[in-house]
Amino acid sequence: ELAGPVAETRTVVYRPELPRVAVEQVAEVKLRFWVRPDGTVVRVEPVLIGSLSLMKAAELYLKAWRFNSLSAAVPQVDQWGTITIRFTID
C-alpha cells in the first residue's frame, strides 16, 4: 500500500475511514505525498488520476492521516511516499 522513504521509516498512527464515494466501477487513485517531521501530511500530488472528484476525496482523506513524529536524533526533513487508494462499489 505505502511505498517510498516514508514507508520505510514511519508508522501510521492515525488513519480515518475511507470516505464513501459513489463510483460505477472500482477505481484507483495513486498519490505522492510528503510528511513533516511532526507526522502531518502537508502536500499531496496525483500520480495516477481516474476522476477529479475521486482525486479530491483521496487527497482530503490522505491529509487527515498522521504518522509518528521523527526522533530528534534524525534529520528533521519532510519525507515522501506514494499510495494507491482504491474506491469500490458499495
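**Sheet, core and aromatic contacts in a predicted model**

At 44% relative accessibility, Tyr14 counts as partly exposed, the class between buried (under 20% relative accessible area) and exposed (over 50%), as computed with a 1.4 Å probe on protein chains only. The model is predicted, so that local features need pLDDT of at least 70 and side-chain atom pairs count only at pLDDT 80 or more, while totals for chains, interfaces and linings use all residues. Residues are numbered from 1 along each chain as its sequence is written, and side-chain values use heavy atoms, with hydrogens and water left out.

Tyr14 lies in strand E2 (residues 12–14); strands (E, at least two residues) and helices (H or I, at least four) are DSSP runs numbered from the N terminus. Beyond its neighbours within four places in sequence, Tyr14 is in contact (heavy atoms within 4.5 Å) with Ala64, Trp65 and Arg66. The C-alpha atoms of Tyr14 and Trp65 are 5.5 Å apart in space, although the two residues are 51 apart in sequence.

An open sheet is formed by 4 strands in the order E1-E6-E3-E4, with antiparallel pairing. Strands E1 and E4 are at the edges, each pairing on one side only. Pairing requires that DSSP find at least two bridges between the strands. In general, the strands of a sheet pair through backbone hydrogen bonds, either parallel or antiparallel. Strand E1 (residues 2–3) is joined to strand E6 (residues 79–87) in the antiparallel sense over 2 bridges, and Leu2 stands opposite Ile83 in E6. Strand E3 (residues 27–35) and E6 also run antiparallel and are joined by 9 bridges. Val35 stands opposite Gln79 of E6, and the bridge partner of Lys30 in E6 is Thr84. Helix H2 packs on the sheet, where it touches E3, E4 and E6. The direction of H2 makes about 40° with that of E3, where axes are lines fitted to C-alpha atoms, for helices over the stretch in contact, and angles run from 0 to 180 degrees between N-to-C directions.

The largest nonpolar core has 20 residues, of which Leu31, Phe33, Val41, Leu62 and Phe87 touch the most other members. E3, E4, helix H2 (52–63) and E6 each supply at least two residues of this core, and H2 gives the most, with 6 residues. Such a core is a set of buried Ala, Val, Leu, Ile, Met, Phe, Trp, Tyr and Cys residues joined through side-chain atoms within 4.5 Å. In soluble globular proteins, nonpolar side chains tend to be buried together. Glu59 is placed in helix H2 and is buried, with a relative accessible area of 14%. Apart from neighbours within four places in sequence, Glu59 is in contact with Leu31 and Val44.

With neighbours within four places in sequence again set aside, the contacts of Phe33 include Leu2, Val6, Val41, Leu62, Phe67, Trp80 and Ile83. Aromatic pairs number 3; rings of Phe, Tyr and Trp (its six-membered ring) pair if their centres lie within 6.5 Å, and planes under 30 degrees apart count as stacked, over 60 as edge-to-face and the rest as tilted. Phe33 and Phe67 form a stacked pair, 6.0 Å centre to centre with 25° between the planes. Phe33 lies in strand E3 and Phe67 in strand E5 (residues 66–67), so the pair ties together parts that are 34 residues apart in sequence. Both Phe33 and Phe67 are buried. Trp65 and Phe67 form a tilted pair, at 6.1 Å centre to centre and 35° between the planes. Relative accessible area is 1% for Trp65, which is buried, and Phe67 likewise counts as buried at 2% relative accessibility. One aromatic cluster is formed by Phe33, Tyr61, Trp65 and Phe67.

Arginine side chains also lie over tryptophan rings. The charged end of Arg32 sits over the ring of Trp80, 5.4 Å from its centre, and Arg43 lies over the face of Trp34, at 3.7 Å from the ring centre. The criterion is that NZ of Lys or CZ of Arg be within 6 Å of the ring centre and within 35 degrees of the ring normal.

Gly39 has its place in the loop between E3 and strand E4 (41–48) and is buried, with a relative accessible area of 0%. The C-alpha atoms of Gly39 and Val74, 35 residues apart along the chain, are separated by 14 Å.
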